[in-house]
Amino acid sequence: MMIHAARSMPIFDGMDTDLHEIIIEQDGINHVKVLKPASSNSKRLIWSFSLHGDNEPIIFKEFYTASKFAIINWNGWLRAYDLDAQEKIYETQLEGSVDTRAVFSPDKAMLYVAYNKDYNPMLASFPLADLSKGTVSELPEKLYSGHLQMRGDGRLLMYFNEEEYISGEEKWTHGYVVYDPGTSQPERYEMPYAQRDSFEAKEPAIHAGKNIGVMPYWGDLEIEKSEMGGPRFIYKIMVFDLSTFNVLRIIPVRAFSTSQLACYESECDEMAEIFQERPSESGYDEAFVSFCNELYSIVFDKYDDAVWLCWRGGIVRKVGLDGSISPLLITTAVQGEANQEFAFFHAFIKHIEDDFLILEEGKKYKMPLADVDLTSGEEYIPVTLSVLDEEIITSDPATEEQFQAEKGKVVIVVDDLNQAESLLHALDQMATLTEDIPALGYGDKLAFLIKDTIGLTMDDRQFFKKALPIPGAPEKIKKVVDNFIRYERAGRLYIDSEETALCYAVYELASSSPAYIETALRYLSVIDEDHDVFNTETLIPTLMEVYKGTEHEAVIREGILKVSNGWWAEGV
């Protein structure tokens with residue numbers, strides 16, 4: 001038997017608890033936090049910084065020495081950092097597409113990045129001792145399809161799942177291309193039982209040390225009868241060798257009743273009928289894809305020759321690679337949460353410890369293992385989850401306060417915010433910066449933080465209100481707004497979820513003098529009215545009130561109706 005009781009050491013998550021953790025937060029652009037465990041439920045913030053110009057998903061964030069780590073987004077923008085020195089040590093943009101993937105070599109001497117550039121598959125190879133000596137080579141056509149893994153011998157594994165039509169009949173093939181980065185020689189291995197998912201094929205889980213891979217079995221669906229005479233649909237996994245890619249074992253891991261096939265009862269009955277009667281190949285394949293995708297996690301055990309599986313509903317099982325299985329651990333309740341419908345609980349395994357699993361679906365949940373006998377032979381064991389307390393992150397208060405205040409904002413520094421000269425200087429800097437808004441690197445956010453050398457700070461609202469009365473300031477503010485209006489993506493820039501970029505500048509400007517009404521109308525013509533609260537509830541009503549009964553009222557009303565798609569019409 002390969003199923004053993006839990007031990008006194010962590011089982012899995014791939015990260016030594018003594019090492020650092022990298023967290024990415026998205027707020028306009030990506031922001032990085034490097035944490036170090038301080039206790040069982042707390043971590044200390046060691047370093048935080050922003051990835052200016054990068055609001056794309058991060059696909060790789062790993063340490064390769066005790067202090068150096070690499071971050072890569074899905075377009076192949078690579079940056080490396082030194083935690084001890086708290087500085088960036090290397091940067092390059094590979095200009096790939098959204099399918100960029102990266103892996104370290106087993107000895108962490110090399111970093112490999114595979115990507116497609118202008119539909120051509122590419123491989124970048126970086127010596128981690130000196131990233132500047134990296135090289136880029138073009139791979140053979142169709143070699144790379146968005147999956148990259150590393151074998152224990154240092155060869156790259158590129159999973160493929162291909163659909164083609166031969167004489168009008170659909171045919172699926174899958175397997176691996178083994179690529180030797182030293183010789184640039186690829187070897188293609190086809191495997192049986194290909195996935196039939198044309199939307200998103202999932203790469204198998206592999207264990208480089210054990211030299212095996214595991215994935216759902218996509219062969220014929222076995223159906224057996226239950227003791228009550230109803231159908232049971234047998235879910236299986238496939239274990240294969242990473243050298244020959246021969247199938248080593250096909251293991252039945254769960255029997256689904258009809259009511260477990262889908263979230264909704266009507267879908268369950270329909271799928272059961274399709275599986276038993278096979279009315280058409282297309283209908284069958286669609287249902288079978290849905291069935292196979294019920295499995296959300298395959299995680300290798302760190303000690304045993306076994307994997308942990310997690311299906312929709314928070315249903316977990318430990319499976320030995322020899323075919324032995326634990327009872328199904330079935331989530332039946334969450335402490336403190338009543339009437340939860342677990343058919344819609346799309347949880348996956350986040351982390352595995354000695355005496356509990358952590359499942360995640362929005363929140364993190366703890367599944368206890370300490371009192372669970374994984375060798376009992378029972379068919380299933382009901383389990384009550386508890387919501388995991390949020391980790392406490394400690395940091396130097398002054399450092400964290402500064403990071404949060406400046407996060408996602410264009411920071412402008414002047415001498416003294418109590419002096420008119422410094423306020424005008426800040427406006428000059430804004431005017432220069434907004435001439436090239438993309439170069440600021442803040443994604444879909446454009447918000448300012450102005451601070452001085454004596455510790456005073458102002459946000460957009462405070463600054464434009466204070467600056468406007470200064471002689472010469474209105475025209476400088478107008479220049480900033482004009483630069484914004486000319487930017488082709490102005491309508492996608494915000495301060496936050498309710499305020500469009502520079503709304504306070506326009507508010508102060510237009511409500512101070514009719515000379516700037518036209519500027520306000522031009523501003524309203526380019527912003528995103530569907531994601532706006534401030535202009536609807538504050539700017540437009542203020543303009544209508546300030547200029548009520550004047551010759552400008554009709555101009556404002558006509559202008560607003562002209563640029564509005566309807567949202568602003570009610571206010572005028």
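**Figure 1. K133 and D130 in a salt bridge.** K133 counts as exposed at 58% relative accessibility, where exposed means over 50% relative accessible area, buried under 20% and partly exposed in between (1.4 Å probe, protein chains only). Its side chain meets that of D130 in a salt bridge, N to O 3.9 Å; the term requires a side-chain nitrogen of Lys or Arg within 4 Å of a carboxyl oxygen of Asp or Glu. D130 is partly exposed, with a relative accessible area of 30%. The model is predicted: local features need pLDDT of at least 70, side-chain atom pairs count only at pLDDT 80 or more, and totals for chains, interfaces and linings use all residues. Residues are numbered from 1 along each chain as its sequence is written, and side-chain values use heavy atoms, with hydrogens and water left out.

**Figure 2. The salt bridge between E25 and K407.** The side chains of E25 and K407 meet with an N to O distance of 2.7 Å. This pair links distant parts of the chain, 382 residues apart: E25 belongs to strand β1 (residues 21-27), and K407 to the loop between α3 (397-406) and β30 (410-414). Helices (H or I, at least four residues) and strands (E, at least two) are DSSP runs, numbered from the N terminus. K407 is buried at a relative accessible area of 11%, whereas E25 is partly exposed at 26%. Side chains of opposite charge can pair when their charged atoms come close.

**Figure 3. The salt bridge between E95 and K117.** In this pair the side chains of E95 and K117 meet at 3.4 Å, N to O. E95 is exposed, with a relative accessible area of 53%; K117 is partly exposed, with 30%. A search of the whole structure finds 28 salt bridges.

**Figure 4. R254, a buried arginine without a salt bridge.** R254 is part of strand β20 (residues 247-256). R254 is buried yet forms no salt bridge, and the nearest side chain of opposite charge, E294, is 5.8 Å away. For charge, Lys and Arg count as positive and Asp and Glu as negative, while His and the chain ends are not counted; the place of a charge is NZ of Lys, CZ of Arg, CG of Asp or CD of Glu. Leaving aside neighbours within four places in sequence, R254 has contacts with F233, I234, Y235, Q260, W311, I315, R317 and L328, contact meaning heavy atoms within 4.5 Å.

**Figure 5. A patch of negative charge on the surface.** The patch gathers E265, E267, D269, E270, E273, E277 and E286. Patches are made of residues with over 30% relative accessible area and no salt bridge, with like charges joined within 9 Å and nonpolar side chains (Val, Leu, Ile, Met, Phe, Trp, Tyr) within 5 Å. Helix α1 (residues 265-277) gives the most to the negative patch, with six residues. E277 is found in this helix and counts as exposed at 55% relative accessibility.

Figure 6. Most residues other than glycine have a negative phi, and most peptide bonds are trans. K142 is not a glycine, yet has a positive phi of about 65°. K142 lies in the loop between β11 (135-138) and β12 (149-150) and is exposed, with a relative accessible area of 70%. Phi of L502 is also positive, near 65°. L502 is in the loop between α7 (473-486) and α8 (503-512) and is buried, with a relative accessible area of 0%.

**Figure 7. The protein chain as a whole, for orientation.** The secondary structure comes to eleven helices and 32 strands, and the C-alpha trace spans about 85 × 55 × 55 Å along its principal axes. Of the 572 residues, 48% are buried. The accessible surface comes to about 27,900 Å², and 47% of it belongs to carbon and sulfur atoms; accessible areas come from the Shrake-Rupley method with a 1.4 Å probe, and for residues only the protein chains shown count as cover. Among contacts with a separation of 6 or more, 53% are between residues 24 or more positions apart. The chain has 52 positive and 97 negative side chains, and the centres of the two sets lie 3 Å apart.
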